[in-house]
Amino acid sequence: MSAQKVSMRCRDLISSMPDEVLGKILSLLPTRLAASTAVLSKRWRNLLSLVDTLDFSDEIGNPEGFSGFVDTTLALLSNSHSIVKSFSLSCKHENSRVDSWIRTVLESGFLELHLKIVSMQSIESQLFTSNTLVQLTLYGGFCFDGTLTPPRGGVFFPNLKTLNLVSVWFWDDNMFEFLISGCPLLDVLLLHYGASDGLGLSSSIGVSNPSLKRLTVSYHFLSPDVELFRTPSLVYLDYSGYATRQYRVDFSSLVEARLDLRSCREEPVVVVKEDGEVDVIEYNNDDGSAFGEDDDDIEDIEAILDLESSDEQVSDEDDDDDVPDVTDLVAGISNVKTLRLSSDSLEVFHLYCKSMPVFQNLVTLSFESDKERGWQVLPLLLNNSPNLETLAIKGLVHKVTDRCGDACVCIAKKRMKKMEEEEICCLSACQVKVLNISGYGGTRRELKQMRHFLGNLKSLVTVKVGVKAKNHEEDDNFNNNYQRITSALTKLPIASSSNCQVYFF
């Protein structure tokens, strides 16, 4: 059979499909491409009215005819029995007609509206309401410029479930709060602001919505003065940003929290030069070890660590107005079952949390390590998590400090012995059953840390280790390195019992 006949047969098979199926196929294409199928044959001429998704972008085809094409398509669908549910618009070159298109979509009873523009675009708030919209995304230069006032009854979108705001500007805090509280059935809210967006949310973040269940907040500029979260139904929080001065939260239903808290302050670093002058401590060599790999090296820098510890705490002379305070935020998440922390969050907890609450419900604690960040708060976290069952750590190499207590092996043996005489090791009191370590490189320092964990966590049942062996050019070298790392780990004594299983991934 010739290639031409095969092609004709395949085309006929597609054309013979039911209208509903062809409409679904066209819905998966950018609308400009879907519309171009009308020239294929009479069979395809009127199929555009059967799509349930409109996806417009002025980066496809000639941007000069973009506005006319969108106008024509919307007019065509408005004059037919359209089943369109979703409208997506991306404008890089042309946005003079955006207001008109938004108004048409909101009046047409669509379920989803996704808008992305590059240049600044004010939104006419008088018409910014819909009784049918379920999902709304605003991305880019949209600005609520002072005219946003709640409609009668205070409800903008009575059926909206998901709201995504990316780099959207609000003239003042009230407009943002009006919009959020004006969505009574809202389940999911995403707020994202990049470093170049400045204070898109003015001087504070205020999220007040009794129905909200999932909240993602990410901003990469210096923090607002106050952050307010009245979200009693929230079950999932993903929060990334700089620690601020004040938090007021209601997270009474929260189950899982992911925190990436950063400090806006640059902490002083101590350097030790070869001539003995003290300028900086180089905590980690390229292989992940600290000052070499022997205990003597760690003992030699204890005096320097004492110098460093005086800088780690917030100075009493600091202006209280400039010092972050995450105490109320940490207390607000204390009822979670799962807590995931970045390496920066660990240090922010240590520096700016005045009192650590008891995490009575916490079952899974996960955190990341970084060679420039310490584990100072870890002993307190473990002691205040009486029902912890799973401890997951991404990377064991962290900043050497004498404030990690007995949770790690940063400090010298003689100081560790003194601490053990004074109090019970925080690991020994843990009920952790599963230890999950990822990014394990097999350095001597990491091996010592694993020995410390396995020798003190007395309830361990399962140990999972993700090995990060150096991949040499020859597979034999890689395999030998992997075998060396896993073999060293399997030889470590385990305090819990001989029934503890060790897995590698």
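This is a predicted model: local features need pLDDT of at least 70, side-chain atom pairs count only at pLDDT 80 or more; totals for chains, interfaces and linings use all residues.
Now, which residues of α4 are buried? They are Phe 66, Ser 67, Phe 69, Val 70, Thr 73, Leu 74 and Leu 77. These residues cover an arc of only 165 degrees around the axis, so they sit on the same side of α4.

Let me step back for the overall picture. The protein has 505 residues, and 47% of them count as buried. Its secondary structure comes to 14 helices and 19 strands. If you take the contacts with a separation of 6 or more, 65% of them are between residues 24 or more positions apart.

Next, please find Ser 86, in strand β2, residues 86–91. Is Ser 86 buried or exposed? Its relative accessible area is 8%, and the cut-off for buried is under 20%, so Ser 86 counts as buried. Who surrounds it? Setting aside neighbours within four places in sequence, Ser 86 is in contact with Asp 52, Thr 53, Leu 54, Phe 110, Glu 112 and His 114. One of those, Glu 112, also makes a polar contact with Ser 86, side chain to side chain, at 3.5 Å. And while you're there, look at Gly 109: this residue is 23 residues from Ser 86 along the chain, and their C-alpha atoms are separated by 9.8 Å.

On to charges. Side chains of opposite charge can pair when their charged atoms come close. How many salt bridges does the structure hold? Seven, and I'll show you some of them.

One is between the side chains of Lys 213 and Asp 187, at 3.6 Å from N to O. This pair links distant parts of the chain, 26 residues apart. Lys 213 is in the loop between β8 (204–208) and β9 (214–219), while Asp 187 is in the loop between α6 (173–181) and β7 (188–193). Both count as partly exposed: Lys 213 has 38% relative accessibility, and Asp 187 has 22%.

Another joins Arg 340 and Glu 256, whose closest N and O atoms are 3.1 Å apart. Here again distant parts of the chain are linked, with Arg 340 in strand β14 (residues 338–341) and Glu 256 in strand β13 (residues 256–262), 84 residues apart. Arg 340 is partly exposed, at 30% relative accessibility.

Then there is Arg 262 with Asp 260, where the closest N and O atoms are 3.3 Å apart. Arg 262 counts as buried, at 14% relative accessibility, whereas Asp 260 is partly exposed, at 23%. Finally, salt bridges that share partners join Asp 344, Glu 347 and Arg 373 into one network.

How values were computed. Residues are numbered from 1 along each chain as its sequence is written. Side-chain values use heavy atoms; hydrogens and water are left out. Helices (H or I, at least four residues) and strands (E, at least two) are DSSP runs, numbered from the N terminus. Buried means under 20% relative accessible area, exposed over 50%, partly exposed in between (1.4 Å probe, protein chains only). Contact means heavy atoms within 4.5 Å. A polar contact is a pair of N or O atoms within 3.5 Å; within protein, one must be able to donate a hydrogen and the other to accept it, and residues adjacent in sequence count only if both atoms are side-chain atoms. The arc is that of the directions from the helix axis to the C-beta atoms. A salt bridge is a side-chain nitrogen of Lys or Arg within 4 Å of a carboxyl oxygen of Asp or Glu.
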